[in-house]
Amino acid sequence: MNIRSFLIGCLVISTLTAVSQEKSGKNNNLKTNKSASERNKPTGDVNRQDRPHPTKPAQFVSEWMNPSGELTFKELPYAYDALEKAIDAKTVEVHYDKHHRGYYTNFMNAIKGTDMEKMPITMIFANIKGQPDAVRNNAGGYFNHVIYWQNMSPDGGGEPSGELMQEINKTFGNFKNFKDKFEEAGKSRFGSGWAWLAVDMKTGELFITSTANQDNPLMNITDRRGIPILGMDVWEHAYYLKYQNKRADYITAFWNVVNWGDVEAKYKGYRSMREDNNNTK
Ligand code: MN3
């Protein structure tokens with residue numbers, strides 16, 4: 001790895017660590033591998049209808065600090081038929097239980113006995129250039145699908161609120177423009193890949209991008225590096241049973257299940273990480 005990629009890797013890790021340590025007093029449960037139902041138990045006055053099982057901001061950061069060798073294959077946070085407003089049960093089942101599980105298993109096999117077993121996955125992404133395809137494809141495939149499942153909910157749809165909505169309006173003009181651009185990123189990705197809403201690691205700005213295969217914006221092979229907060233899988237396996245060749249119809253329907261509470265929590269996780277990092281400079 002060259003010195004620049006190493007430094008960027010260290011920056012990501014140091015900022016993630018700072019937040020992880022700062023939050024650990026309040027969130028001791030985040031370091032354990034609890035089941036989805038335990039993790040998603042409502043706390044306080046959270047309105048589960050309005051904000052379905054979002055990832056907590058600190059959780060989004062801390063869950064990726066574990067050594068990669070200790071990462072688990074997470075439970076799907078809902079039933080296979082829960083996303084039928086957009087995606088049929090059979091597709092969710094095969095996608096989660098065969099494709100996603102396969103990436104996880106192959107990722108674990110690819111890093112077994114290497115230094116990467118002890119590295120956080122974010123560190124692996126920050127230094128992915130030059131690594132074997134088995135690591136790049138399967139680490140990406142494992143991580144990207146965790147984000148994707150978290151980003152959706154049977155109670156999803158609608159619009160974001162708060163700071164995230166303000167930032168979307170500031171960056172894209174309005175919510176419709178944002179959706180148009182995000183859809184375009186998904187439609188125009190040739191072959192298999194992903195569309196992303198991400199937060200620029202250097203400037204903190206939102207941006208939309210797409211990546212091929214199982215790459216993601218955390219990898220040091222992308223033009224603009226950022227922390228992904230919303231990911232849409234546009235591989236044919238994500239939609240073909242219901243939509244066949246009509247990728248655009250799947251993309252339109254995707255908005256019906258977007259869990260904006262989760263996207264906002266990921267955005268806040270990034271913001272708190274950045275503020276902590278600035279405070280420690
Ligand atoms: Mn997929």
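The model is predicted, so local features need pLDDT of at least 70 and side-chain atom pairs count only at pLDDT 80 or more, while totals for chains, interfaces and linings use all residues. Residues are numbered from 1 along each chain as its sequence is written, and side-chain values use heavy atoms, with hydrogens and water left out.

**Exercise 1.** Find Gln-150 and decide: is Gln-150 buried or exposed?

*Solution.* Start with the helix: Gln-150 lies in α6, residues 133–150. Helices are DSSP runs of H or I with at least four residues, strands are runs of E with at least two, and both are numbered from the N terminus. Next, take the relative accessible area of Gln-150, which is 11%. Buried means under 20%, exposed over 50% and partly exposed in between, using a 1.4 Å probe and protein chains only. Gln-150 is therefore buried. Finally, look at the side chain of Gln-150, which makes a polar contact of 2.7 Å with the side chain of Lys-266. (A polar contact is a pair of N or O atoms within 3.5 Å; within protein, one must be able to donate a hydrogen and the other to accept it, and residues adjacent in sequence count only if both atoms are side-chain atoms.)

**Exercise 2.** How many aromatic pairs does the structure hold? Work through two of them.

*Solution.* The structure holds 25 aromatic pairs. One of them is Phe-73 with Tyr-96, a stacked pair at 4.9 Å centre to centre and 25° between the planes. Phe-73 is in the loop between α3 (57–62) and α4 (89–111), and Tyr-96 is in helix α4, 23 residues apart. Both of these residues, Phe-73 and Tyr-96, are buried. Now turn to Tyr-104 and Tyr-142: the ring centres are 5.3 Å apart and the planes stand at 50°, so this pair is tilted. It links helix α4 with helix α6, across 38 residues. (Rings of Phe, Tyr and Trp, the last by its six-membered ring, pair if their centres lie within 6.5 Å; planes under 30 degrees apart count as stacked, over 60 as edge-to-face and the rest as tilted.)

**Exercise 3.** Which backbone atoms lie by the side chain of Asn-220?

*Solution.* First place Asn-220 in the loop between β2 (206–212) and β3 (226–233). Asn-220 is buried, with a relative accessible area of 15%. A polar atom of its side chain lies 3.1 Å from the backbone oxygen of Ala-126. The backbone nitrogen of Ile-128 is 3.0 Å from a polar atom of the Asn-220 side chain.
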